[in-house]
Amino acid sequence: MEYTKATIDDMEEIYNLVQDTIKEVYPRYYPEEVVRFFSQQQSWENLERDLDEERIYVLLDSEHVIGVGSFEGNHITRVFVRTDYQSHGVGSFIMQHLEDRIEREYETVHLESTMPAVIMCEKRGYRTVRHEKWTVRNGAVLVYPVMEKIFRG
């Protein structure tokens with residue numbers, strides 16, 4: 001496997017991986033309106049912006065993108081793993097690389113977790129510092145933990 005900065009050539013695979021993961025996994029945890037919200041947040045335009053700003057990294061098997069991670073400053077903004085690679089350490093591998101990159105400049109790392117990822121984050125040493133909420137369509141409410149990990153101190 002190869003972990004590397006994403007390129008424009010990876011864009012379609014990244015977009016499909018993210019959207020497919022949301023459609024396959026998130027309905028187990030969230031109502032339809034919230035799933036739609038997540039899908040819209042991970043739009044082509046938002047992914048392309050992060051790609052242009054060189055904030056997206058991909059994990060490749062021999063020929064395909066199997067995972068993607070993004071960050072901005074000391075904030076992890078996106079980690080998605082192809083569903084057939086989940087529960088095999090791929091998400092933790094991506095998180096470790098993002099954390100290593102962030103730790104070079106910061107003492108802490110922050111993220112907003114989804115329900116499918118919160119246990120992995122806790123196992124990696126993150127703690128919930130607060131909960132936020134976002135009202136989406138039809139009055140559905142997304143409540144999510146804002147988590148932090150301290151590298152030094």
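Tutor: A residue is called buried when its relative accessible area is under 20%, exposed when that value is over 50%, and partly exposed in between. By this definition, buried residues make up 42% of the 153 residues in the protein chain. Please keep in mind that the model is a predicted one.

Let us begin with the chain as a whole. Its secondary structure consists of five helices and seven strands, and their order along the sequence is β-α-α-α-β-β-β-α-β-α-β-β. The radius of gyration is 15 Å, close to the 15 Å that the globule rule gives for 153 residues, so the chain is as compact as a globular protein of that length. Along its principal axes, the C-alpha trace spans about 40 × 40 × 30 Å. Among the contacts with a separation of 6 or more, 63% are between residues 24 or more positions apart. The accessible surface comes to about 8600 Å², and carbon and sulfur atoms account for 45% of it.

Asn 74 is placed in the loop between β3 (65-72) and β4 (75-81). Is this residue buried or exposed? Its relative accessible area is 19%, and because the limit for a buried residue is under 20%, Asn 74 counts as buried. Leaving aside neighbours within four places in sequence, the residues in contact with Asn 74 are Ile 102, Tyr 106, Thr 108, Val 109 and His 110.

The next loop lies between α3 (44-52) and β2 (56-60), and Glu 54 is found in it. With a relative accessibility of 48%, Glu 54 is classed as partly exposed. The backbone also deserves attention here. Most residues other than glycine have a negative phi. Glu 54, however, has a phi near 55 degrees, which is a positive value in a residue other than glycine.

A positive phi is also found at Asn 138, again in a residue other than glycine, and its value is near 55 degrees. Asn 138 belongs to the loop between β6 (127-135) and β7 (141-150). Its relative accessible area is 67%, and because this is over 50%, Asn 138 is exposed.

Technical notes:
Residues are numbered from 1 along each chain as its sequence is written. This is a predicted model: local features need pLDDT of at least 70, side-chain atom pairs count only at pLDDT 80 or more; totals for chains, interfaces and linings use all residues. Side-chain values use heavy atoms; hydrogens and water are left out. Helices (H or I, at least four residues) and strands (E, at least two) are DSSP runs, numbered from the N terminus. The radius of gyration is taken over C-alpha atoms; the globule rule is 2.2 Å times the number of residues to the power 0.38. Buried means under 20% relative accessible area, exposed over 50%, partly exposed in between (1.4 Å probe, protein chains only). Contact means heavy atoms within 4.5 Å. Accessible areas come from the Shrake-Rupley method with a 1.4 Å probe; for residues, only the protein chains shown count as cover.
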